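Here is a briefing on pockets and helix packing in a predicted model. Please keep the structure open while reading.

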Amino acid sequence: NQLLQSSQIRDSLTGLYNYQGLLQQVKNYYGHYVSVIAIDIKGLAGINGQYGREEGNKAIRTTADILKSCVKSGISCRLGNGEFVGVVLSHDNDKKNVYKIKNNLLERLQSIEGFNYELAVYVGCEVGEVSSREGFEHLLNSAVGQKNGNKINERKMQNGDILTEEE
């Protein structure tokens with residue numbers, strides 16, 4: 001029964017919480033400020049296509065392990081495919097802590113060896129006080145939206161597109 005319950009809140013590939021597990025765990029943070037970091041593996045479909053799905057799974061597991069070590073006492077979650085979220089308690093609404101986590105994660109990814117490609121991620125960060133599931137989902141969506149915006153802007157720049165002032 002415990003194994004069945006664990007399989008309902010854990011990702012089978014990485015052992016991280018899945019979305020349902022994340023929502024269950026984040027209840028412990030209600031009434032507090034939290035830092036949310038959303039990440040997405042760059043070019044995962046290309047890695048799977050060029051090197052095979054097992055290599056893609058290796059990239060996913062490696063990214064998951066690094067995220068977990070960077071958020072230590074917080075919550076690590078795999079949303080799906082190459083998308084992850086880390087959540088940690090914050091002392092206040094200051095983003096210094098989440099940027100420290102972000103920089104640590106990026107440095108650790110850059111120092112990885114043994115891959116035939118660069119293992120890199122798109123990142124979005126947000127900080128706020130959480131008092132309900134809806135409040136947390138709003139904060140999470142903001143971090144994911146920021147990550148997706150960074151992804152779009154980076155792709156536009158790679159294609160030589162001109163960014164608007166808003167972007």
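The largest pocket has a volume of about 190 Å³. A pocket here is an open set of points on a 1 Å grid over the protein atoms alone, where a 1.4 Å probe fits, with protein on both sides within 12 Å along at least five of seven lines. Volume is the space filled by probe spheres set on the points, which are joined across faces, edges and corners.

**Largest pocket**
- It is lined by 13 residues (an atom within 4 Å of a point).
- Closest to its centre are Lys42, Leu106, Val121, Tyr122 and Val123.
- Helix H5 (96-110), strand E4 (121-130) and helix H6 (133-158) each supply at least two lining residues; H5 gives the most, with 4.
- Helices (H or I, at least four residues) and strands (E, at least two) are DSSP runs, numbered from the N terminus.
- The lining divides into 7 nonpolar, 2 polar and 4 charged residues.
- Ala, Val, Leu, Ile, Met, Phe, Trp, Tyr, Cys and Pro count as nonpolar, Asp, Glu, Lys and Arg as charged, the others, Gly among them, as polar.

**Second largest pocket**
- Its lining includes Arg10, Tyr17, Lys68 and Lys72.
- By class, the lining has 4 nonpolar, 5 polar and 3 charged residues.

**H4 against H5**
- The axes of H4 (residues 53-70) and H5 come within 10 Å and cross at roughly 145°.
- Axes are lines fitted to C-alpha atoms over the stretch in contact, with angles from 0 to 180 degrees between N-to-C directions.
- Contact (heavy atoms within 4.5 Å) involves residues including Ile66 of H4 and Leu105 of H5.

**Basis**
- Residues are numbered from 1 along each chain as its sequence is written.
- In this predicted model, local features need pLDDT of at least 70, side-chain atom pairs count only at pLDDT 80 or more, and totals for chains, interfaces and linings use all residues, while side-chain values use heavy atoms, without hydrogens and water.
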